[in-house]
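Please look over the sequence and the structure shown below before reading the briefing that follows.

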Amino acid sequence: MSLINKKLMDLPEIPEDQRTPLSDHLLEIIFAHKEHIQLQNEIIQGLKDEIARLKGEKPKPKIKPSNLGKKPKPDEDNGQGNIKAKRPGSKKKRKKLEIHKTVIVAPENIPKGSQFKGHEDYFVQDLLIQPYNVRYRLERWVTPSGQSIIGQIPEGVRQGHFGNILIGYILYQYYHCMVTQPLLLEGLLEMGIDISSGQINNILIEGKESFHLEKEDILSAGLEVSDYVNVDDTGARHKGRNGYCTHIGNELFAWFASTESKSRINFLTLLRGKQADYVINQDALDYMQAHKLPKKILQSLDELEEKNLPDQQAWESMLSRLGITTKRHVQIVTEGALLGSILEHGLNEDIVILSDDAGQFNVFLHALCWIHAERTINKLVGFNEQQRDALNSIKDQLWTLYDDLKAYKENPSPKQKEDLTQRFDQLFTTKTCFASLNQALERIYKNKSELLLVLRRPEIPLHNNLSENDIREYVKRRKISGGTRSDLGRKARDTFVSLKKTCRKHGISFWEYLQDRLSGKMKIPRLGDWIRRKAKVPG
């Protein structure tokens with residue numbers, strides 16, 4: 001621990017008769033700076049570790065705290081103290097084993113006069129992992145007329161010189177198990193497969209148009225049947241530059257798209273899906289007016305004869321023609337036209353967007369995550385007994401209110417709605433002896449309408465955990481591989497993660513899904529159709 005940190009930790013308690021408002025305020029400033037000092041220490045330690053690695057030495061080890069004696073955390077979703085549920089798709093499935101070979105085993109010595117009483121079954125599961133190469137000898141014939149004819153390769157193997165099972169194995173290992181391409185190559189060569197790194201890369205990213213189309217249908221179906229969606233974004237480097245991946249989904253689907261931006265224009269563009277137009281309708285004009293676009297520009301847009309611009313080129317030409325060049329004005333007008341396009345193509349205007357309070361997601365009906373809101377209070381540390389008591393009291397009241405909101409979701413009533421609203425007002429307008437806590441309560445109170453949207457829409461979740469859990473896939477991938485190097489690679493990553501996560505939400509084996517699509521059998525319905533059907537028959 002640094003000398004500065006030690007001094008901060010060793011600050012003595014100030015006797016009650018010697019305390020003044022000024023001393024309390026100074027102590028709060030000191031403790032506020034403690035977080036900056038801690039961050040500085042972490043940066044310094046990171047630089048020291050990097051120097052050690054460059055010198056060939058070992059960095060400072062990370063020793064995790066012991067979990068001994070700690071109780072499992074209760075499941076926040078059901079509020080009944082149950083152990084946290086497993087992620088979708090991870091529940092062990094009991095299947096009737098398919099028998100590929102039966103071996104009869106008789107006792108070594110059977111005494112004369114013994115009677116046969118049937119069999120006792122003993123099952124052994126195993127895998128056959130070995131090369132399986134097929135040579136197709138295509139017969140060539142010449143007809144009496146001199147025409148040359150030749151046998152055709154079977155339909156299921158026309159994609160190249162690698163079979164469906166091998167291709168599915170490579171896709172499954174890379175996109176599901178996160179095995180890197182060098183390790184995949186090494187493993188396949190050791191198994192006796194004659195394949196190169198370039199061929200593996202081609203299998204992973206090229207010729208995936210049918211998968212890309214099915215991925216886009218996931219978003220269309222998901223938005224079509226959903227009353228709300230969870231959204232989040234995270235970093236996703238591409239071609240050595242910082243980029244972002246946006247997640248849109250809920251219990252029925254997961255959809256990912258990586259771009260260079262995480263602006264509101266980018267988010268609305270993603271919501272627009274495969275559509276490319278910009279529409280200036282009443283919804284668009286209302287949005288622009290709400291965001292204080294100058295009346296002169298509003299009037300010129302309202303008077304346009306052609307209010308449906310087919311693509312970005314036509315849109316930029318219209319902006320230039322009307323003289324809309326100020327960055328802020330271009331942003332508002334573009335956001336409004338994108339929103340107009342989304343609603344024009346049938347998106348439910350009452351859909352709820354649930355986020356962690358990132359500004360780009362604040363469109364349509366916006367709801368906030370209670371877990372993120374509570375963090376502004378949870379990071380505070382009281383520096384005397386009174387402040388610690390005030391902090392603990394507020395936390396207890398907050399989580400009691402949260403539990404009651406969960407109960408309201410199960411059985412909403414007008415009386416409960418009024419009571420919970422009054423309790424929210426009372427809690428977040430409380431004035432305590434802790435100035436930083438008062439500021440945090442005031443910040444949360446400003447988001448009242450978004451935090452209490454659940455009172456009008458009990459079907460929406462209280463937190464954004466689903467989105468954070470889904471997008472963790474990209475955080476893990478970032479730690480393993482860093483980023484993508486080609487546009488095809490980035491597109492394939494987004495597609496297969498979307499397909500895999502959506503399969504998991506519906507209990508579909510991703511391995512079986514890949515084999516079904518690669519073979520062309522299509523016994524598993526398209527995921528978009530699956531989402532639509534599941535939405536009609538919940539549970």
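I153 is partly exposed, with a relative accessible area of 35%, where buried means under 20%, exposed over 50% and partly exposed in between, computed with a 1.4 Å probe and protein chains only. This is a predicted model, in which local features need pLDDT of at least 70 and side-chain atom pairs count only at pLDDT 80 or more, while totals for chains, interfaces and linings use all residues. Residues are numbered from 1 along each chain as its sequence is written, and side-chain values use heavy atoms, with hydrogens and water left out.

**Around I153**
- I153 lies in the loop between β2 (148-150) and α3 (164-176), helices (H or I, at least four residues) and strands (E, at least two) being DSSP runs numbered from the N terminus.

**Helix α3**
- The 13 residues of α3 reach 17 Å from the first C-alpha to the last, close to the 18 Å expected at 1.5 Å a residue, a span taken as 1.5 Å times one less than the number of residues.
- Among the buried residues of α3 are N164, L166, I167 and Y175, and the buried residues of this helix pack against α4 (181-191), α5 (197-205), α17 (465-481), α18 (487-505) and α19 (510-519), contact meaning heavy atoms within 4.5 Å.
- Just after α3, M178 takes a positive phi of about 60 degrees.

**Helix α20**
- In α20 (residues 527-536), the buried residues are L527, G528 and I531.
- These residues cover an arc of only 110 degrees around the axis, which puts them on the same side of α20, the arc being that of the directions from the helix axis to the C-beta atoms.
- The buried residues of α20 pack against α6 (209-225), α18 and α19.
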